[in-house]
Amino acid sequence: MSSEEFDHLPSFAFGDSPELADSLLELVLNGTKTATCGDLHSYEKDGEPLPQPGDQYLILDGKGQAACVIEMVTVDVRQFNEIDEVWAVLEGEGDLSLEFWQEGHREFFERNGVYAPDMKLVCEYFQLVKIFKRDQAKPKPN
């Protein structure tokens, strides 16, 4: 089954570089990463609605190819400094520690000019619902 039947879904790649997109995608595909977060201010600035439980997204790899579909299970808003060890494990990055999560996410949000210790994050817990063979997938046009 190809990704074309899912082309109507909103799409995104994790991270802010092709390399980060691919490494985070691999964590999703192997079941290690089941959560992600984004800056609430960016949603508000761009006029984007917050994800809701049941929403599905087409996840792209670093080349813009459809790799999988995820479905939101829970979505809530927390401050950066309220993230705990459990959330760090759900995000599945590095050594799964809160310290690794804090450092990596602080650097990410600083690169994007939005970091603050009390910044509000949209915290999304998701499940993987479909994986595509990427050699059959075509880049999704933006």
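**What the labels rest on**

Modeller: Across residues 12-130, the span is 34% helix and 30% strand, with its end C-alpha atoms 15 Å apart. Helices (H or I, at least four residues) and strands (E, at least two) are DSSP runs, numbered from the N terminus. Mind that this is a predicted model, where local features need pLDDT of at least 70 and side-chain atom pairs count only at pLDDT 80 or more, while totals for chains, interfaces and linings use all residues. Residues are numbered from 1 along each chain as its sequence is written, and side-chain values use heavy atoms, with hydrogens and water left out.

Colleague: What makes Phe12 and Tyr57 an edge-to-face pair?

Modeller: Rings of Phe, Tyr and Trp (its six-membered ring) pair if their centres lie within 6.5 Å; planes under 30 degrees apart count as stacked, over 60 as edge-to-face and the rest as tilted. Phe12 and Tyr57 sit 5.7 Å centre to centre with 65° between the planes, so they pass both tests. The pair joins distant parts of the chain, since Phe12 is in strand β1 and Tyr57 in strand β3 (residues 56-60), 45 residues apart.

Colleague: And why is Phe12 called partly exposed, and what is Tyr57, buried or exposed?

Modeller: Buried means under 20% relative accessible area, exposed over 50%, partly exposed in between (1.4 Å probe, protein chains only). Phe12 has 25%, so it counts as partly exposed. Tyr57 is buried because its value is 13%.

Colleague: Why is the pair of Phe80 and Trp101 called tilted?

Modeller: Their ring centres are 5.0 Å apart and their planes are at 40°, so the pair is tilted. Phe80 is in the loop between β4 (66-79) and α3 (85-91), whereas Trp101 is in helix α4, 21 residues apart. Phe80 is at 5%, so buried, and Trp101 is at 2%, so buried as well.

Colleague: How many aromatic pairs does the rule give?

Modeller: The count comes to seven. Phe12, Phe14, Tyr57 and Phe126 form one aromatic cluster.

Colleague: How do you know that Lys33 lies over the face of Phe14?

Modeller: A charge sits over a ring if NZ of Lys or CZ of Arg is within 6 Å of the ring centre and within 35 degrees of the ring normal. Lys33 is 5.6 Å from the ring centre of Phe14, and lies over its face.

Colleague: What is the volume of the largest pocket?

Modeller: About 1000 Å³. Of the 38 residues that line the largest pocket, the closest to its centre are Ala13, Gly15, Cys37, Gly38 and Phe108. On a 1 Å grid over the protein atoms alone, a pocket is an open set of points where a 1.4 Å probe fits, with protein on both sides within 12 Å along at least five of seven lines; lining residues have an atom within 4 Å of a point.

Colleague: Which element gives the most to that lining?

Modeller: α4, with eight residues.

Colleague: What about Phe100 and Leu96: why are they called partly exposed?

Modeller: Phe100, in helix α4, has a relative accessible area of 38%, so it is partly exposed. Leu96 is in the loop between α3 and α4, and at 33% it is partly exposed too. Leu96 also has a positive phi of about 70° although it is not a glycine.

How values were computed: Grid points are joined across faces, edges and corners, and a volume is the space filled by probe spheres set on the points.
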